[in-house]
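Please look through the structure below from one end of the chain to the other. The paragraphs that follow take it piece by piece.

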Number of protein chains: 2
Amino acid sequence: MADISPKHDVFQAIADPTRRELLSLLSDQEMSVTIISEHFPISRTAVSKHLHVLADAGLVSERKVGRETRYKLQPEPLMELKQWLSYYERFWDNKLAKLKKFVEAD
Amino acid sequence: MADISPKHDVFQAIADPTRRELLSLLSDQEMSVTIISEHFPISRTAVSKHLHVLADAGLVSERKVGRETRYKLQPEPLMELKQWLSYYERFWDNKLAKLKKFVEAD
DNA sequence: ACATTACGAAACCAAATGGTTTCACATCAA
DNA sequence: TTGATGTGAAACCATTTGGTTTCGTAATGT
């Protein structure tokens with residue numbers, strides 16, 4: 001049986017600050033591994049690993065061009081995060097509403 | 001020098017599925033550690049550790065009541081997440097817009 | 001044809017993470 | 001006072017994580 005998805009989930013993927021920087025960098029443009037890694041103080045191999053984690057989570061796409069591998073942002077999986085967040089928004093909205101009420105009752 | 005800043009950031013705190021379940025559980029009501037841990041297959045001590053991580057990130061508050069320690073959701077730090085997300089929303093909005101354009105050009 | 005470039009896989013390592021069990025200590029109930 | 005309950009700290013353990021260096025290979029440049 002093919003193992004469909006021990007994939008990394010989006011929550012775990014964005015937990016690392018370097019990976020968040022990668023997403024930010026790749027939101028502008030598609031870039032090759034070497035060029036990407038020039039923006040970071042760690043080795044190209046380490047960057048490559050981070051990119052694979054992001055790819056596993058579906059947050060970036062890989063494309064081979066000659067000897068390069070180019071990556072670009074794939075924002076769709078972030079919708080899961082947005083949906084997760086939306087559940088909690090009402091709690092802080094609620095707090096804000098209570099605060100407003102309190103202030104206005106003055 | 002007192003270290004004001006939280007030890008764990010919100011991204012790292014929500015990366016763990018157990019901790020996300022904890023947040024969900026505590027959004028309903030304030031609960032003691034023992035009661036909370038009855039909802040999980042792991043030890044009370046392990047749950048307690050997760051709660052401390054969440055507290056470090058500011059996502060739950062602790063309150064001592066007699067010999068109990070009660071926790072409840074503190075959703076405010078999730079705003080940082082929302083803000084981070086908002087930057088990426090335009091990218092998928094953009095994609096949707098392009099798709100719409102393409103479909104309508106038919 | 002040969003050297004250079006771009007990259008991933010592999011082996012390895014230290015530190016962090018998520019879990020356990022045990023123990024000490026308050027607090028509450030009898 | 002004595003016993004049960006609620007909890008955190010500590011010591012410990014296995015696995016995961018984030019990093020490294022080394023090496024092989026494919027594509028490109030000269």
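**A walk through the model**

Leaving aside residues up to four places away in sequence, B:Ser32 touches B:Glu68, B:Thr69 and B:Arg70. This is a predicted model. B:Ser32 belongs to strand S1 of chain B, which covers residues 31-32. Is B:Ser32 buried or exposed? B:Ser32 counts as buried because its relative accessible area is 8%, and the cut-off for buried is under 20%.

One of the residues that B:Ser32 touches is B:Arg70, and B:Arg70 is also the bridge partner of B:Ser32 in S3(B). S1(B) and S3(B) run antiparallel and are joined by two bridges. Strands of a sheet pair through backbone hydrogen bonds, and the pairing can be parallel or antiparallel.

S3(B) also pairs with another strand. Strand S2 of chain B (residues 60-65) and strand S3 of chain B (residues 68-73) run antiparallel, with six bridges between them. Within this pairing, B:Val60 stands opposite B:Leu73, and B:Ser61 stands opposite B:Lys72. S2(B) and S3(B) form a hairpin with two residues between the strands. In that hairpin, B:Gly66 takes a positive phi near 60°.

Now turn to chain A. Chain A contains five helices and three strands. Read from the N terminus, its elements follow the order α-α-β-α-α-β-β-α. Of the 106 residues in chain A, 39% are buried. Among contacts in chain A with a separation of 6 or more, 51% are between residues 24 or more positions apart.

How are the strands of chain A arranged? The three strands make an open sheet in the order S1-S3-S2, with antiparallel pairing. Strand S1 (31-32) and strand S2 (60-65) of chain A are the edge strands, since each pairs on one side only. S1(A) pairs with strand S3 of chain A (residues 68-73) over two bridges, in the antiparallel sense. A:Ser32 has A:Arg70 as its bridge partner in S3(A).

Helices pack against this sheet. Helix H2 of chain A (residues 17-28) lies across S1, S2 and S3 of chain A, and runs at about 95° to S3(A). Helix H4 of chain A (residues 44-56) packs on the sheet too, where it touches S2 and S3 of chain A. The direction of H4(A) makes about 120° with that of S2(A).

The two helices also meet each other. Two packed helices are described by the angle between their axes and the distance between the axes. For H2(A) and H4(A), the angle is about 80° and the axes are 10 Å apart. That angle makes H2(A) roughly perpendicular to H4(A), because angles of 65 to 115 degrees count as roughly perpendicular. On the side of H2(A), the contact is made by A:Thr18, A:Arg19, A:Leu22, A:Leu23 and A:Leu26. On the side of H4(A), the contact is made by A:Val47, A:His50, A:Leu51, A:Val53 and A:Leu54. By type, the residues of this contact comprise seven nonpolar, two polar and one charged.

What is the packing angle of the corresponding helices in chain B? Helix H2 (residues 17-28) and helix H4 (residues 44-56) of chain B pack at about 80°, with their axes 10 Å apart. H2(B) and H4(B) are therefore roughly perpendicular to each other. Among the residues that make the contact are B:Leu22 and B:Leu26 of H2(B), and B:Val47 and B:Leu51 of H4(B).

The last topic is how the chains relate. Two copies of a chain are related by a rotation about an axis and a shift along it. The same surface serves both copies, as 100% of the contact residues of chain B recur in chain A.

One residue of chain B shows contact between the chains. B:Trp92 is found in helix H5 of chain B, residues 78-104. Not counting residues up to four places away in sequence, B:Trp92 touches A:Pro75, A:Leu78, A:Met79, A:Lys82 and B:Leu85. B:Trp92 is buried, with a relative accessible area of 6%.

Methods: Residues are numbered from 1 along each chain as its sequence is written. Chains are lettered from A and ligands numbered from 1 in the order in which they are written. This is a predicted model: local features need pLDDT of at least 70, side-chain atom pairs count only at pLDDT 80 or more; totals for chains, interfaces and linings use all residues. Side-chain values use heavy atoms; hydrogens and water are left out. Helices (H or I, at least four residues) and strands (E, at least two) are DSSP runs, numbered from the N terminus. Buried means under 20% relative accessible area, exposed over 50%, partly exposed in between (1.4 Å probe, protein chains only). Contact means heavy atoms within 4.5 Å. Two strands pair if DSSP finds at least two bridges between them. Axes are lines fitted to C-alpha atoms, for helices over the stretch in contact, and angles run from 0 to 180 degrees between N-to-C directions. Angles under 35 degrees count as roughly parallel, over 145 as roughly antiparallel, 65 to 115 as roughly perpendicular and the rest as oblique. Ala, Val, Leu, Ile, Met, Phe, Trp, Tyr, Cys and Pro count as nonpolar, Asp, Glu, Lys and Arg as charged, and the others, Gly among them, as polar.
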